[in-house]
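The sequence and the structure are shown first, and the description follows.

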Amino acid sequence: ISQIKSGFILIDQQAAHDRILYEGFLQQLENRQGASQQSLFPQTLSLAAADFELVKELLPDIQALGFQIREFGKNTLIVEGIPADIGANISEVEMLERLIEGFKNNFTLLKLDKRDNLARTLARNAAIKTGATLSQEEMNNLIDQLFGCQMPNVSLSGKPVIITFTLEELIQKFEK
């Protein structure tokens, strides 16, 4: 909740963070300049042959998002780094597995183009989850970043991110 001159706004923090990350990842894909956080201990990931081929096909875009990945034998990858925008609450391998699964699901259901699909999937997996407690500073940063987005009012699923309550609406609700 944030106060504005004419009342207050209510912001869905997960939808807001999804939007922020999505637009940032799209820009990284466009510029081919995703910042990466090097792993202290690189991890290996063995994939099914079809998933391995999919990753090979998507590798330039996955690397543009900030993943540092290389082939390591038959259907195996080494994950040496992940996008810097992703929190440390998930392992590198798990994040890549979620990215692959989400990409396949979105491709089947939503028929998105490759880059939009990657950005959307990674944003959804990396965003703050509903109910996560944020400090006041984190909330303020989230709001500032949200209003820096091209489409701050709409979530990735097309629902509102921000709901505004005017003073007049509040007065009517309390019948004063």
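## The sheet β1-β2-β6

The structure is a predicted model. One of its features is an open sheet of three strands, arranged in the order β1-β2-β6 with antiparallel pairing. β1 (2-4) and β6 (162-166) are the edge strands; each has a single partner strand, so one side of each is left without a neighbour in the sheet. From one strand to the next, the twist averages 25 degrees.

β1 and strand β2 (residues 7-11) run antiparallel and are joined by three bridges. Within this pairing, Q3 has F8 of β2 as its bridge partner. A helix accompanies these strands: α5 (residues 136-147) lies across β1, β2 and β6, and its direction is at about 90 degrees to that of β2.

## The sheet β3-β5-β4

Another open sheet is formed by three strands in the order β3-β5-β4, and here too the pairing is antiparallel. At its edges stand β3 (36-46) and β4 (68-71), each of which pairs on one side only. On average, neighbouring strands of this sheet are turned by 15 degrees against each other, with direction ignored.

The antiparallel strands β3 and β5 (residues 76-83) are connected by seven bridges. L45 is placed opposite L77 in β5. Helix α3 (residues 92-110) packs on this sheet and touches β3, β4 and β5. The direction of α3 makes about 70 degrees with that of β3.

## The chain as a whole

How many helices and strands does the protein chain have? There are six helices and six strands. Read from the N terminus, the elements follow the order β-β-α-β-α-β-β-α-α-α-β-α. The C-alpha trace of the protein chain spans about 70 × 35 × 30 Å along its principal axes.

Among contacts between residues at least 6 apart in sequence, 71% join residues at least 24 apart. Of the 176 residues in the protein chain, 44% are buried. The chain exposes about 10400 Å², and carbon and sulfur atoms supply 52% of this area.

## A loop residue, N75

Where does N75 lie? It is found in the loop between β4 and β5, two strands of the sheet ordered β3-β5-β4. Most residues other than glycine have a negative phi. N75, although it is not a glycine, has a positive phi of about 60 degrees.

Is N75 buried or exposed? Its relative accessibility is 17%. The cut-off for a buried residue is under 20%, and N75 therefore counts as buried.

## A helix residue, D18

D18 belongs to helix α1, which covers residues 13-31. Its relative accessibility is 6%, so D18 counts as buried.

Which residues are in contact with D18, leaving aside its neighbours within four places in sequence? They are A123, R124, A127 and L156.

Methods. Residues numbered from 1 in each chain as written. Predicted model: local features only at pLDDT ≥ 70, side-chain atom pairs only at ≥ 80, totals over all residues. Heavy atoms only, no water. Pairing = 2+ DSSP bridges. Helix = DSSP H or I, 4+ residues; strand = E, 2+ residues; numbered from the N terminus. Axes fitted to C-alpha atoms, helices over the stretch in contact; angles between N-to-C directions. Contact = heavy atoms within 4.5 Å. Buried < 20%, exposed > 50% of the residue type's maximum accessible area, 1.4 Å probe, protein only. Areas by Shrake-Rupley, 256 points an atom, 1.4 Å probe, with all protein chains shown as cover.
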